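Work through the exercises below with the sequence and the model open side by side, trying each task before reading its solution.

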Amino acid sequence: MGRVWIFASLEAGKCGESGKTIMSEDTFETVLTNLGLKKFDVPAPKAGGYTHLFQIVTERSRARLADLSDDYANPDALAFGYAEHRAFNAFAHRTSKDIICLYTTPLRVVWSFFNAMMDNRQIFPWVDDVEVLGGTAPAPKGDLFFLRETPPLNDAEEAFNSIRPRLARALFEVAADFILLHEVGHLRNGHVALLQQRAGVRPFRELPYDEADKLEIPEAQALEFDADGFAVQKVFERVYKENPFAEFSKGLFKDHRLPEDGGHTASWYFTWFAVYSVFRLFDEAMAISEIPLRMQPPAALRQACLLPAVAAMTNRSGWSGLSMQQWVDLATDAGLEAERTITGLRRMKPDPHAYLAAWNGGAFDQIGFYLDTWEGLAPQLAALKR
Ligand SMILES: [Zn+2]
């Protein structure tokens with residue numbers, strides 16, 4: 001009863017600041033409770049200036065969303081948070097406001113992967129090149145999920161900001177950005193509204209496919225592709241503007257023959273590396289949980305399908321001078337490196353043939369399939385887009 005009252009009075013704009021916080025929390029928790037999920041409470045900072053990773057992701061996500069749309073400039077306009085759960089999952093939803101819920105697992109998995117990867121000196125050995133990057137440093141000690149945001153005070157603390165953890169963090173930021181923006185894509189491109197029009201108020205979940213959502217399988221697949229397309233373009237837009245991997249260019253060029261693209265090659269390369277890693281780790285989670293039916297193609301094909309959109313956007317904007325073939329070369333190089341890294345860490349044999357097969361026409365067939373479905377979906381979504 002109390003909850004309903006707070007809701008109504010807030011909608012009428014009669015409640016103070018503290019009430020607003022309660023409502024925002026309520027929306028998120030109520031939705032989670034209704035779905036049988038448990039909210040993950042982000043741990044408070046630790047003494048010495050250590051902030052939990054999820055706190056950092058929350059702040060970055062909030063800033064990102066406010067930047068993306070005036071609709072999200074007011075933090076109360078959107079409920080954002082985490083569900084404590086072992087599935088590699090997330091959902092976008094809308095009740096009285098937009099809601100984005102990331103399950104804890106995807107963020108934990110990608111963060112652990114990038115850190116484990118950078119702990120292995122055989123991966124990107126040029127990173128340790130003293131001449132290029134100025135010295136090596138030990139891997140961070142202590143709790144993997146607590147980070148120091150304040151400037152390092154001495155040599156021991158300097159290790160936290162050393163080159164390998166820094167690259168791991170920059171890769172994670174791309175991955176987390178993609179995961180967030182994929183959900184934003186479901187909201188902004190009208191997917192959530194379409195689902196709710198057909199099936200009533202329910203969340204747009206990544207997993208599992210549910211007939212009760214009243215979306216045909218090809219429709220759900222095309223919507224996933226659309227959300228990926230939205231996310232990947234926003235991710236590359238940020239990467240173009242911030243060029244977060246520029247400092248790794250020199251070392252990368254020692255090890256890889258890549259086309260120079262106005263100082264952005266390393267950022268393009270590592271962005272594909274991070275995006276492919278998300279897809280591949282998602283595949284791995286699907287395989288482990290034996291989910292038979294999923295709406296996304298396997299990692300390599302998923303990546304290949306997105307490449308034309310990135311190449312077109314970056315060329316159109318004047319951000320890249322690469323030809324389509326150069327983009328393919330760069331993206332396949334990065335994807336294969338990520339594939340080798342993941343299989344290497346898991347002590348599995350990499351399968352480059354399976355990876356490259358996706359690029360041999362498979363992507364064009366798949367895009368054709370999406371476009372066929374899209375003809376029916378586009379008119380329905382047009383009125384629902386924001
Ligand atoms: Zn999705």
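**Exercise 1: two helices**

Find which residues of H4 meet which residues of H13, and how the two helices are oriented.

Phe113, Ala116 and Met117 in H4 meet Thr341, Ile342 and Leu345 in H13, where contact means heavy atoms within 4.5 Å. This is a predicted model, in which local features need pLDDT of at least 70 and side-chain atom pairs count only at pLDDT 80 or more, while totals for chains, interfaces and linings use all residues. Residues are numbered from 1 along each chain as its sequence is written, and side-chain values use heavy atoms, with hydrogens and water left out. Next, helix H4 (residues 104-119) and helix H13 (residues 324-345) pack at an angle of about 85 degrees, with their axes 11 Å apart. H4 is therefore roughly perpendicular to H13 (65 to 115 degrees).

**Exercise 2: the zinc ion**

Identify the protein donors of the zinc ion, and decide whether Glu224 is buried or exposed.

Begin with the donor atoms, which are His182 (NE2), His186 (NE2), two OE atoms of Glu206 and two OE atoms of Glu224, lying 2.0 to 2.7 Å from the zinc ion; donors are N, O and S atoms within 2.8 Å of the metal (3.2 Å for Na, K and Ca). Along the chain, their spacing is H-x3-H-x19-E-x17-E. Glu206 lies in the loop between strand E6 (204-205) and helix H9 (217-242), whereas Glu224 lies in helix H9, 18 residues apart. Finally, Glu224 counts as buried at 3% relative accessibility, and Glu206 is buried with a relative accessible area of 9%, since buried means under 20% relative accessible area and exposed over 50%.

Definitions and conventions:
Helices (H or I, at least four residues) and strands (E, at least two) are DSSP runs, numbered from the N terminus. Buried means under 20% relative accessible area, exposed over 50%, partly exposed in between (1.4 Å probe, protein chains only). Axes are lines fitted to C-alpha atoms, for helices over the stretch in contact, and angles run from 0 to 180 degrees between N-to-C directions. Angles under 35 degrees count as roughly parallel, over 145 as roughly antiparallel, 65 to 115 as roughly perpendicular and the rest as oblique.
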